[in-house]
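Subject: Structure handover

Hi,

Here is the structure I promised to pass on. Please open it first, then read my notes below.

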Amino acid sequence: MLETTDLAYRYPGGESLTFPNLRCAPGATHLLLGKSGSGKTTLLQLLAGLRSPSHGKVVVNGTELGKLSTAALDQFRGQNIGMVFQTAHFVRSVNVEENLVLAQRLAGKTTDRRRIRELLDVLGLGEKLRSLPARLSVGQQQRAAIARAVINQPALMLADEPTSALDDDNASQVLGLLQQQAAAVNATLIIVTHDNRLTGIIDQRTHL
Ligand SMILES: Nc1ncnc2c1ncn2[C@@H]1O[C@H](COP(=O)(O)OP(=O)(O)OP(=O)(O)O)[C@@H](O)[C@H]1O
């Protein structure tokens, strides 16, 4: 469950960006749309607690992010919020499995290699467990990013242009897997996109 109220953010020297209120149920997929510069990425960063709003609040799974200390927010994010970006960012020096172990550790969870293997199998990456991220294709990297985003069974998944670097086949596969994995843990899925291939499929949307 995600709820925002009267959110605004001002970059130093910039104008104040204001955002419509969001109310997104567990298990629902919601698109954030808007022209370049309208504040989509800024809003995702506010939802992830990576920036603090100059006004308003973000409530994820009943917790108001602004009330958490920095350390508590880092742990809350690791446990409750999964993120997928346009291109995947992994720790380059360790394999896919160890990247997922790191994601569990950073959230303060015990290592669960069985869950990692099962998840990678479901995402068609069972054979890539021991591969370095750079050895994966772009589509495989996006699937591994989904695995990392969902590994800790988050309440909220945030995706910033997750399909725009992909061809049609990979885009529809990645969207399907994102929705399937979000549904499997009953997460709210928020997708920022310009991608017309997605806007035709998902009904719930907010324009910035
Ligand atoms: N680090 C920053 N410092 C100052 N201003 C910024 C910064 N990042 C973004 N902005 C400004 O805030 C506004 C919103 O930017 P944001 O990146 O959130 O938009 P966006 O909708 O995600 O754009 P795009 O679709 O092009 O990625 C823009 O006017 C931008 O110039």
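Start with the ligand. The residues around the ligand are Tyr11, Gly14, Leu17, Gly34, Ser36, Gly37, Ser38, Gly39, Lys40, Thr41 and Thr42. Bear in mind that this is a predicted model. Sorted by class, that shell holds eight polar residues, two nonpolar ones and one charged one. Which helix gives the most to the shell? Helix 1, residues 40–47, does, with three residues.

Five strands form an open sheet in the order 7-8-9-4-10, and the pairing is parallel. Look at the edges next. Strand 7 (81–84) and strand 10 (205–207) stand there, each with a single partner strand, so one side of each has no neighbour in the sheet. From one strand to the next, the twist averages 15 degrees.

Strands in a sheet pair through backbone hydrogen bonds, either parallel or antiparallel. For a parallel example, take strand 8 (residues 156–160) and strand 9 (residues 188–192), which are joined by five bridges. Find Met157: its bridge partner in strand 9 is Leu189.

Two helices to check against the sheet:

- Helix 5 (residues 138–150) packs on the sheet and touches strand 7 and strand 8. The direction of helix 5 makes about 170 degrees with that of strand 7.
- Helix 6 (residues 168–184) also packs on the sheet, touching strand 4 (29–33), strand 7, strand 8 and strand 9. The direction of helix 6 makes about 155 degrees with that of strand 9.

Best wishes

Definitions and conventions: Residues are numbered from 1 along each chain as its sequence is written. This is a predicted model: local features need pLDDT of at least 70, side-chain atom pairs count only at pLDDT 80 or more; totals for chains, interfaces and linings use all residues. A residue is near a molecule or strand if its C-beta atom, placed from the backbone, lies within 6 Å of it. Helices (H or I, at least four residues) and strands (E, at least two) are DSSP runs, numbered from the N terminus. Ala, Val, Leu, Ile, Met, Phe, Trp, Tyr, Cys and Pro count as nonpolar, Asp, Glu, Lys and Arg as charged, and the others, Gly among them, as polar. Two strands pair if DSSP finds at least two bridges between them. Axes are lines fitted to C-alpha atoms, for helices over the stretch in contact, and angles run from 0 to 180 degrees between N-to-C directions. Two residues are in contact if their C-beta atoms, placed from the backbone, lie within 7 Å.
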